[in-house]
2 protein chains.
Amino acid sequence: MTRLVATYRVACAPGELRGLAEALALEQSVEVPRAVVRDAFVEREVMGQVAALRPGADGVHEVDLALAAATTGHDAAQMLNMLFGNASLLPQVELVDVVLPASLRAAFAGPRFGIAGLRDRLGVHGRPLTCAALKPQGLSPERLAALCAQLARAGIDVIKDDHGLADQTYAPFAQRVAACQAAIERVAAETGHRAAYAPSLVGSPRRLAVQARQARDAGAALVLVAPALVGMPAFAELVAQDLDVPVLAHPAYAGAARVAPPLLLGKLFRLLGADAVIFPHAGGRFAYSAATCAAIAHAARAPWDGMAAALPVPAGGMTLERVPELVRTYGRDTMLLIGGSLLADPAGVGERAARFAALVAGCAEEVHS
Amino acid sequence: MTRLVATYRVACAPGELRGLAEALALEQSVEVPRAVVRDAFVEREVMGQVAALRPGADGVHEVDLALAAATTGHDAAQMLNMLFGNASLLPQVELVDVVLPASLRAAFAGPRFGIAGLRDRLGVHGRPLTCAALKPQGLSPERLAALCAQLARAGIDVIKDDHGLADQTYAPFAQRVAACQAAIERVAAETGHRAAYAPSLVGSPRRLAVQARQARDAGAALVLVAPALVGMPAFAELVAQDLDVPVLAHPAYAGAARVAPPLLLGKLFRLLGADAVIFPHAGGRFAYSAATCAAIAHAARAPWDGMAAALPVPAGGMTLERVPELVRTYGRDTMLLIGGSLLADPAGVGERAARFAALVAGCAEEVHS
């Protein structure tokens with residue numbers, strides 16, 4: 001029978017590890033004491049099994065559980081349930097990795113464009129991509145569109161809505177998106193450079209579907225969505241059923257989860273359909289470690305059963321000064337996102353954005369990734 | 001202008017508190033450095049404000065932020081975004097409470113039945129309600145229905161699917177729900193006691209809507225949903241648009257969030273429409289403290305702008321032996337959920353379930369809640 005393997009980090013006394021692992025295998029499958037499992041089919045085909053124990057010297061151990069793929073119903077919500085539903089209520093347990101059988105992998109979209117498709121769509125090859133953000137929220141559609149034009153004129157590849165932009169009275173979604181996309185087109189007619197605009201979709205599932213349609217009608221080249229915020233099952237469904245453009249995933253609310261960031265941001269967001277994944281780079285406002293960032297980028301890009309790779313997008317307080325370091329760290333297949341610091345001096349936005357674009361173009365000569 | 005007040009617990013040196021609070025107010029609203037906010041409207045109507053600082057002796061402090069209600073777009077996903085989107089990525093910050101202005105409160109369903117409506121529907125007054133679970137997953141619809149009949153015959157009030165039951169090949173949703181509801185009806189015809197069956201709805205948003213329809217067609221008296229698992233915005237939409245029966249909320253995946261359990265399980269689940277809220281009682285398999293449990297129950301039942309109260313449902317490894325303690329702790333307006341321990345001896349399920357029902361009926365004489 002087909003099983004997925006879920007890996008948990010567990011803090012306990014060494015003598016308790018085996019018992020805790022066995023309890024976890026029951027909790028994440030049949031959710032009854034072992035003695036209550038009397039049916040041969042349930043025991044063989046449904047009940048979770050402890051596949052491996054890797055005791056750690058520091059009281060933190062790893063447990064691999066083999067969980068029956070059939071228990072997930074091949075659905076995103078139910079897969080999360082089997083991976084970490086009740087176990088999430090145990091403070092000493094963290095979900096760190098999952099290996100899926102091909103049949104379960106195939107139930108999810110994965111990146112439909114991936115790094116290669118995104119590059120083709122945007123016409124950017126051989127260097128990192130650049131990304132800037134429209135903010136602060138509270139500006140009118142016209143003011144956001146003017147900023148969008150400024151950044152597009154500077155040669156930025158991707159201009160995304162700040163993830164705080166939603167469907168608010170001061171800048172309703174449909175008007176904002178139409179205005180920003182029109183700005184992109186105006187600059188393209190003027191300069192020949194058509195930047196890709198990524199509106200932020202956020203809301204309950206039916207509002208997301210409406211926003212996806214409005215973004216498509218406006219001609220937006222890609223979209224921004226925060227999977228943890230809208231809910232991972234809603235994200236998966238949106239990608240699979242409502243979107244025909246690449247998807248940039250935002251980490252909002254994802255940090256709340258006691259799920260290892262490389263698994264959540266790198267692997268699960270990719271599995272559910274993110275083509276590019278924004279995450280907080282080390283030394284920015286959010287202080288993820290360099291090792292965590294490297295692991296996220298690796299999970300996003302690593303070969304995985306023929307699934308397209310997702311583009312890592314380090315962000316969270318980046319500046320022009322850090323561009324060389326970012327390019328050295330992540331290589332060519334990355335997108336650099338600089339938000340607020342490009343906007344610090346209102347008169348200098350265009351100039352700073354142009355320096356950003358030029359810097360990245362220049363860095364590309366040196367990288368080999 | 002209208003603001004909501006969000007409270008965060010923040011771990012930092014006392015000298016850093018003011019600066020961190022101010023950074024948090026920007027992060028959770030405009031997401032740019034203060035100097036970049038030059039527009040008078042944005043500054044006055046959109047930018048977050050530090051409303052209070054309560055330094056703690058132990059290096060853990062409380063910060064109240066006043067966030068503009070307009071930034072939420074009166075949507076569940078965007079409200080989460082403004083409450084804890086980027087702040088969730090800061091490991092030293094926990095979201096502990098929120099006070100909503102009436103206009104924002106009114107954007108969400110709240111419990112549509114609440115404790116009073118649930119009691120009326122189930123015809124149970126003056127004592128705690130009893131609840132048992134159908135498990136383990138892996139059993140066929142016929143075997144689950146037989147167990148359902150056994151528990152109904154014993155006089156249990158609410159019989160819920162285990163939250164691990166989804167739409168799986170070994171017990172497809174529609175067949176399972178029809179079989180279990182038919183068992184309820186058979187027992188009602190036999191004995192006059194019609195237990196309420198709560199099928200577990202789990203899946204991506206469109207699958208949830210289909211399951212809601214199938215549950216209604218079968219005649220299920222209420223439903224079980226895990227808001228954190230399906231995504232809180234999807235949960236809110238499901239309740240508001242697809243369900244006309246009471247909703248029992250399950251805590252699966254909710255423990256993953258660095259959001260205080262009384263806020264998440266008690267307040268937010270209630271706000272979004274849960275009529276009853278399952279949570280792990282102290283001393284069970286999940287070890288929430290007695291204080292946390294009391295705070296969850298309080299948040300679920302406390303007066304709140306005329307919103308209906310939600311029924312607290314302590315669970316997670318409860319046994320018959322703990323019934324008196326549970327009734328003493330939670331009083332009359334509660335539902336006691338005993339899962340696996342009722343099923344320990346296959347021959348004795350009916351007898352143990354009947355003792356559960358009788359015990360709770362007996363306890364009721366003593367409580368005054």
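Q: Which side chain meets that of Asp167(A) in a salt bridge (3.6 Å, N to O)?
A: This is a predicted model in which local features need pLDDT of at least 70 and side-chain atom pairs count only at pLDDT 80 or more, while totals for chains, interfaces and linings use all residues. Residues are numbered from 1 along each chain as its sequence is written, chains are lettered from A and ligands numbered from 1 in the order in which they are written, and side-chain values use heavy atoms, leaving out hydrogens and water. A salt bridge needs a side-chain nitrogen of Lys or Arg within 4 Å of a carboxyl oxygen of Asp or Glu. At 3.6 Å, N to O, the partner of Asp167(A) is Arg207(A).

Q: How many residues apart in sequence are the parts that this pair ties together?
A: Helices (H or I, at least four residues) and strands (E, at least two) are DSSP runs, numbered from the N terminus. Arg207(A) lies in helix 8 (residues 205-218) of chain A, and Asp167(A) in the loop between strand 6 (158-161) and helix 7 (173-191) of chain A, so the separation is 40 residues.

Q: How many salt bridges are there between chain B and chain A?
A: Over all chains, the search finds 38 salt bridges. One pair that joins the two chains is Lys135(A) with Glu31(B), at 3.6 Å, N to O. Between chain B and chain A, the count is 10.

Q: What area is buried between chain B and chain A?
A: The contact (heavy atoms within 4.5 Å) takes 79 residues from chain B and 78 residues from chain A. Buried area is the accessible area (1.4 Å probe) that two parts lose on being put together, summed over both. Carbon and sulfur atoms give 54% of a total of about 6,300 Å².

Q: Which residues of chain B lose the most area to chain A?
A: Three residues together make up 12% of what the chain B side buries. They are Leu89(B), Arg206(B) and Tyr253(B).

Q: Which helix gives the most to the lining of the second largest cavity?
A: With three residues, the greatest share comes from helix 8 of chain B.
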